[in-house]
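Please read the following points beside the sequence and the 3D view. They go from a single residue to the chain as a whole.

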Amino acid sequence: MNIGTCSPLRYCGVGAAIGCGADCCKDGCGVLHCAGISTTLPLKLVTPEKLDEFFQANVFSAYNLTREVCKMGNFSKEGGSIVFFSSVMGKVGENGKSLYGMTKGALVSGTRSLACELAKKKIRVNTVSPG
């Protein structure tokens with residue numbers, strides 16, 4: 001089931017979007033998070049607003065979505081899967097990609113801890129890093 005288009009950038013809107021598609025997770029399937037933004041921007045041009053924009057879209061949205069779908073009753077007792085799309089830039093560097101790489105690295109790192117935390121609920125958490 002597709003829950004449709006939703007902008008989980010701010011936590012307050014995620015619950016409503018999940019509510020209409022939560023039955024999907026009760027059948028033992030999962031969630032795919034593939035939201036994100038990218039740009040080439042040198043360090044000297046990164047503003048606090050750009051930092052916030054990138055972390056909201058690339059990191060916080062994934063975390064907020066995960067927190068919401070992992071509430072009691074949204075996954076079956078058989079568990080399920082959560083998959084985040086990251087990028088190879090989360091592991092390697094490139095000129096002008098420090099902001100993007102930092103957010104994608106945070107997603108990769110957070111996935112490892114979420115996998116440990118949610119394993120007891122039989123929920124697998126993985127990251128795919130194309131590129």
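1. In which strand does Val 128 lie? Val 128 belongs to strand β3, residues 123-128; strands are DSSP runs of E with at least two residues, helices are runs of H or I with at least four, and both are numbered from the N terminus.

2. The model is predicted: local features need pLDDT of at least 70 and side-chain atom pairs 80 or more, whereas totals for chains, interfaces and linings use all residues. Residues are numbered from 1 along each chain as its sequence is written, and side-chain values use heavy atoms, without hydrogens and water.

3. Val 128 is partly exposed, with a relative accessible area of 37%. Buried means under 20%, exposed over 50%, and partly exposed in between (1.4 Å probe, protein chains only).

4. The largest nonpolar core has 13 residues. Such a core is a set of buried Ala, Val, Leu, Ile, Met, Phe, Trp, Tyr and Cys residues joined through side-chain atoms within 4.5 Å. Among those with the most contacts inside it are Ile 82, Phe 84 and Val 125. Two or more residues come from each of α3 (48-69), β2 (80-85), α4 (98-118) and β3. Apart from this core lies another, of six residues, including Phe 54 and Tyr 100.

5. Beyond its neighbours within four places in sequence, Ile 82 is in contact (heavy atoms within 4.5 Å) with residues including Val 31, Phe 75 and Ile 123.

6. The chain has four helices and three strands, in the pattern α-α-β-α-β-α-β. Of its 131 residues, 39% count as buried.
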